[in-house]
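Here is a walk through one protein structure, taken a few elements at a time. Keep the model open and find each element as it is named.

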Amino acid sequence: MSATVPPIIRISDLSKTYDSGFAALKGVSLDIARGEIFALLGPNGAGKTTLIGIVCGLVRKSGGSVTVDGHDIERDYRASRGMIGLVPQELTSDAFESVWNTVSFSRGLFGKPRDPALIERVLRSLSLWEKRDSKIMTLSGGMKRRVLIAKALAHEPQILFLDEPTAGVDVELRQDMWRLVRGLRDSGVTVILTTHYIEEAEEMADRVGVIRKGEIILVEEKAELMRKLGRKELVLNLQERLSAVSPALAGYGLVLRAEGAELVYSYDTKAERTGITALLADLAREGIGFSDLNTSQSSLEDIFVGLLKANA
């Protein structure tokens, strides 16, 4: 993040404890850069929705501070909230209203003047134009999700929160939403999404944060996270099955798979030496031949699962 450009969202030592005594957030500090796509990953109950709720003014914090483009979310509520569009997880909408009226009303709620041309652009970008006169109750789940996004965009926010945006939607809509989000980012909108879908973060995010039990356990550039934590596997398809790994190869941490037909070697992508050359020489000395070999990189999902285990 450039030192000359202040973050559009600054969260400092944020905490939230509910009346029941449950601590949903514990000293969370996080800066979101202007114009980035930030993915917040975490299991159910990790605090993702509580964090969004506080920034959007829907949940009262217990401690700490949050500013949106320099506006304190409590002292300057109207200014900070006006900059934010929120697409909630739940499909709640005005069932008996038309798509056009619902989206237009959302714009009016923020004191914005009528702008039919803008509403049309938003509806067209979400493939909702043909449904503009349809009542919400007649739409499919995927279309209702699009309406929620249209409502969030109606007042031209600079920041868009997407809380589990593609939960329960079909693959086509997921791809459409990814395209839309990239387009918003290209137009200068900052996008923060919470997701269970690791592929969503891997596909779209510039940076990834991982939250667990109300605490941020990692924030990283996605590419850097993949580089630092990603491991590669070298898979050797053996010419003859092995019943066990030779003691002479014990130092490599090899694993037999596919009933002895595959030998798997894991290595660190950031290490100076991968050890592959030495391994192949030792295999030759042991008389172990292979017909094919391939490598695969850890996915963000592997990294995420590993992080949660490490912080259990």
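In this predicted model, strand 3 (residues 37-41) and strand 9 (residues 207-212) pair in the parallel sense, over four bridges. Strand 3 also runs parallel to strand 8 (residues 190-195), and five bridges join these two. Phe38 takes part in both pairings: it stands opposite Arg207 in strand 9 and opposite Ile192 in strand 8.

How many of the residues of strand 3 are buried? Five of its five residues are, so the strand is mostly covered, where buried means under 20% relative accessible area. In a regular strand the side chains alternate between the two faces of the sheet. In strand 3, Ile37, Ala39 and Leu41 point one way, while Phe38 and Leu40 point the other way. The residues of both groups are buried.

Now turn to the helices. Helix 4 spans residues 116-125, and its buried residues are Leu118, Ile119, Val122 and Leu123. These residues lie on the same side of helix 4 because they cover an arc of only 135° around the axis. What do the buried residues of helix 4 pack against? Their partners are helix 3 and helix 5. After helix 4 comes Ser127, which has a positive phi, near 55°.

Helix 3 (residues 99-109) and helix 5 (residues 141-153) also meet each other: their axes come within 7 Å and cross at roughly 30°. The crossing is right-handed. On the helix 3 side, the contact is made by Val99, Thr102, Val103 and Ser106. On the helix 5 side, Val147, Ala150 and Lys151 meet them.

Four strands form an open sheet with antiparallel pairing, and their order is 12-13-11-14. From one strand to the next, the twist averages 25°.

Within this sheet, strand 11 (residues 231-238) and strand 13 (residues 262-268) run antiparallel and are joined by seven bridges. To find one of the paired positions, look at Leu234, whose bridge partner in strand 13 is Tyr265.

Technical notes: Residues numbered from 1 in each chain as written. Predicted model: local features only at pLDDT ≥ 70, side-chain atom pairs only at ≥ 80, totals over all residues. Heavy atoms only, no water. Axes fitted to C-alpha atoms, helices over the stretch in contact; angles between N-to-C directions. Left-handed = near helix turned anticlockwise from the far one by under 90°. Contact = heavy atoms within 4.5 Å. Buried < 20%, exposed > 50% of the residue type's maximum accessible area, 1.4 Å probe, protein only. Arc of directions from axis to C-beta. Pairing = 2+ DSSP bridges.
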